[in-house]
Amino acid sequence: GGGGRGGRTGASMPRLTYFSWTEATIGKIQAVTPAEGEKPRGPITAEEHVRKALGFDTAKLSGDTRPVLVYFHYPHDHSKHGKLSTTVCSRTLDNEHAARWSLMFRCVQIDMGTTVTKYADLVGHKGAPAFVALDADLEVRAEIPVTKSGAKLKKALEAAFKKFPAATKRLKKQIAHHKKLLSKAKALEKKDEYDDAVDAVDEIRFGKVRVSPYFEKAVTYGQMLAQKAERAGLGK
């Protein structure tokens, strides 16, 4: 799975963004032998087991509060779902605009070839390839059916993201910040302070928020500023 390279976003914009999946298998619950001097611990619950497998513990430690996008990925040679799974990985996910929205989620691909089905069912698996958006309580906030169209997936991811009010609020702040950064860069450009202008724009064009209306502007503007900075440097 994962999504290949290639494809262009428009006449002038090169392909910039790709889906980045963490691969997960939810196997059987293993009994944990207590360390010496520790009290034996009862078996962990199915929910705790799933949370751990989907990386919620490590995400919390690293402060990653993004909603979680889960992809129930079937092996490409699966007798029933292999063909669809192959199409999703090679075609649907190979879309710049869907990939930009994917950055707003922590993306986890569950390997349905090795996962115990009952555990995947706890987070919205219905027996076929599909996507779901989960909150921190493992609740399914959005179900996203698989489609051959990357454009449809982009729309579905955007709609799913809106079901997470705290994340939506953060995004609005980041978009407002992008607007300020572009204004700052333009003011610096007027003063011929090209290096500082490039720094301001780079925060947008190399950042993780690529769904703001200012992202593509920042990409083309940043390239132009970098050329101006280079010419100014050569002229010294």
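Predicted model: local features only at pLDDT ≥ 70, side-chain atom pairs only at ≥ 80, totals over all residues.
**Figure 1. Salt bridge between Glu158 and Lys154 within helix 6.** The closest N and O atoms of Glu158 and Lys154 are 3.0 Å apart. Both residues belong to helix 6 (residues 150-161), where a spacing of four residues places them about one turn of the helix apart. Glu158 is classed as partly exposed because its relative accessibility is 22%. Lys154, with a relative accessibility of 25%, likewise counts as partly exposed.

**Figure 2. Salt bridge between Lys228 and Glu189.** The side chains meet with an N to O distance of 2.7 Å. This pair links distant parts of the chain, as Lys228 lies in helix 9 (residues 215-235) and Glu189 in helix 7 (residues 165-190), 39 residues apart. Lys228 has a relative accessible area of 25% and is therefore partly exposed. Glu189 has a relative accessibility of 16%, so this residue counts as buried, the limit for that class being under 20%.

**Figure 3. Salt bridge between Asp202 and Arg205 within helix 8.** An N to O distance of 2.6 Å is found between the side chains of Asp202 and Arg205. The two residues are three positions apart in helix 8 (residues 194-205), about one turn of the helix. Asp202 and Arg205 are both buried.

Figure 4. In the whole structure, the search finds ten salt bridges.

How values were computed. Residues numbered from 1 in each chain as written. Heavy atoms only, no water. Salt bridge = Lys/Arg side-chain N within 4 Å of Asp/Glu carboxyl O. Buried < 20%, exposed > 50% of the residue type's maximum accessible area, 1.4 Å probe, protein only.
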